[in-house]
Amino acid sequence: MTTATLEFSAGQRVLCRPGVSDPNLRAWDAADELLLDEALRRVHAGDRVLVVDDQFGALTLGLSDYAPVSVADSAVLGGALSANISLNPDIPSAVQLASWLNPPQGPFDLIVMRVPRQSEYLAWLLRWVNSALAVNGCLLAGGMIKHLPDRSVDVFAEAMPTEAVLPARKKARVVVCRRGEANLAGWSGLWKGYSVPGVPVAVEAMPAVFARDRLDIGTRELLPLVAPAVARLPKGARVLDLACGNGVLGLAALACRDDIRVEFADVSAQAVASLRHNLMRCGFDARASVCHSDGVDRGAGNYQLILLNPPFHEGGVVGDHIALRLFRDAARHLEPEGTLLMVGNRHLGYHRSLKRYFSSVVQRAASPRFVVFEACL
């Protein structure tokens with residue numbers, strides 16, 4: 001873990017990006033710098049301030065003099081804030097952290113938001129912001145220009161009035177908005193899903209969830225191997241769907257047998273909410289549990305089978321650093337005779353990475369783009 005110093009108009013913060021050692025991967029980018037400068041120019045003493053989807057704490061800690069509330073979809077933020085608060089002992093107050101599982105209550109005078117890469121999640125966020133922003137409040141929404149979603153101009157226009165588009169700086173952009181009328185009640189984009197053979201209802205998900213309206217092509221390679229793997233499990237076996245997304249792999253496992261228990265974990269709060277929604281609709285909730293976490297919770301115990309389709313990007317950074325953490329967690333929580341069944345992009349060479357943690361790595365299926373591996377301790 002490396003640290004660097006973020007300098008801005010109100011001072012500086014020493015920040016780290018937990019889980020990576022590459023010094024080129026900083027805990028902030030130019031969009032954070034531009035958002036901080038504009039927020040500090042506009043904020044007043046006594047204002048209620050909300051930060052939405054901060055990545056690693058740069059915005060929340062940069063605005064710490066105003067005791068902001070911070071809400072994020074990703075569970076990564078909690079650990080990042082803890083690590084970065086410890087590097088900055090002068091921070092004046094404890095951080096109030098929330099997720100979409102327990103969203104904060106408005107009104108807020110100033111909302112500072114990272115613009116997500118997904119246009120549908122942006123549409124959801126703007127409608128939620130309308131419910132949380134004070135009548136005369138202000139939204140500052142920013143991101144790196146190359147990562148702004150398609151149709152972002154239209155998405156903003158459909159949800160709330162834009163007061164200004166600030167000049168770009170270091171390839172970052174900030175938009176200033178006021179409260180609009182669009183809200184989440186009756187919004188047609190809230191849930192999308194698809195049918196999976198064997199699962200009793202369509203598998204649905206909220207806007208922040210990966211591949212929510214179609215079966216991911218990597219998961220499509222892994223899915224046919226789930227039923228044979230579940231059939232070999234002993235009665236009462238524990239299964240983990242790690243980085244579960246909408247939970248399609250674990251739901252398929254639950255549909256195969258009624259004498260196993262499946263636990264689900266994902267870094268996204270909206271994935272967790274979606275999974276709870278799907279479990280209730282399938283009638284599987286008594287045999288399942290869900291955890292909002294970055295990886296496997298240390299107290300989770302061991303599993304006979306772990307299912308995994310690891311993400312390969314984090315906030316625009318593509319690589320295997322997330323998968324390596326998940327492989328390590330899987331190895332720590334696999335029973336001695338257990339199995340990890342995972343799919344990954346062929347070009348990432350996961351067969352080599354898996355051998356750091358598992359003595360046996362066998363290819364079970366492949367396509368031009370994806371490979372499925374079975375790994376054992």
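Helices and strands are DSSP runs, with helices of at least four residues and strands of at least two, numbered from the N terminus. All views show a predicted model.

**View 1. Helix α9 lies across strands β13 and β14.** Helix α9 spans residues 269-282 and runs at about 170° to β14.

**View 2. Seven strands form an open sheet of mixed pairing.** The strand order is β14-β13-β12-β15-β18-β20-β19. Its edges are β14 (288-292) and β19 (360-366), each of which pairs on one side only. On average, and with direction ignored, neighbouring strands of the sheet are turned by 15° against each other.

**View 3. Strands β8 and β9 form a hairpin.** Residues 162-165 make up β8 and residues 172-177 make up β9; the two strands pair in the antiparallel sense over three bridges. Thr162 has Cys177 in β9 as its bridge partner. Six residues separate the strands, and in the turn Lys170 has a positive phi of about 50°.

**View 4. A salt bridge between Glu374 and Arg232 links distant parts of the chain.** The N to O distance is 3.8 Å. Glu374 lies in strand β20 (residues 370-376), while Arg232 lies in the loop between α7 (226-231) and β12; the two are 142 residues apart. Glu374 counts as buried because its relative accessibility is 14%, and Arg232 is exposed, with a relative accessible area of 57%.

**View 5. The side chains of Asp259 and Arg257 meet in a salt bridge.** Here the N to O distance is 2.8 Å. Asp259 is partly exposed at 25% relative accessibility, and Arg257 is buried at 17%. Elsewhere, salt bridges with shared partners join Glu38, Arg41, Arg42, Glu163 and Arg178 into one network. The structure holds 21 salt bridges.

Key:
Residues numbered from 1 in each chain as written. Predicted model: local features only at pLDDT ≥ 70, side-chain atom pairs only at ≥ 80, totals over all residues. Heavy atoms only, no water. Pairing = 2+ DSSP bridges. Axes fitted to C-alpha atoms, helices over the stretch in contact; angles between N-to-C directions. Contact = heavy atoms within 4.5 Å. Salt bridge = Lys/Arg side-chain N within 4 Å of Asp/Glu carboxyl O. Buried < 20%, exposed > 50% of the residue type's maximum accessible area, 1.4 Å probe, protein only.
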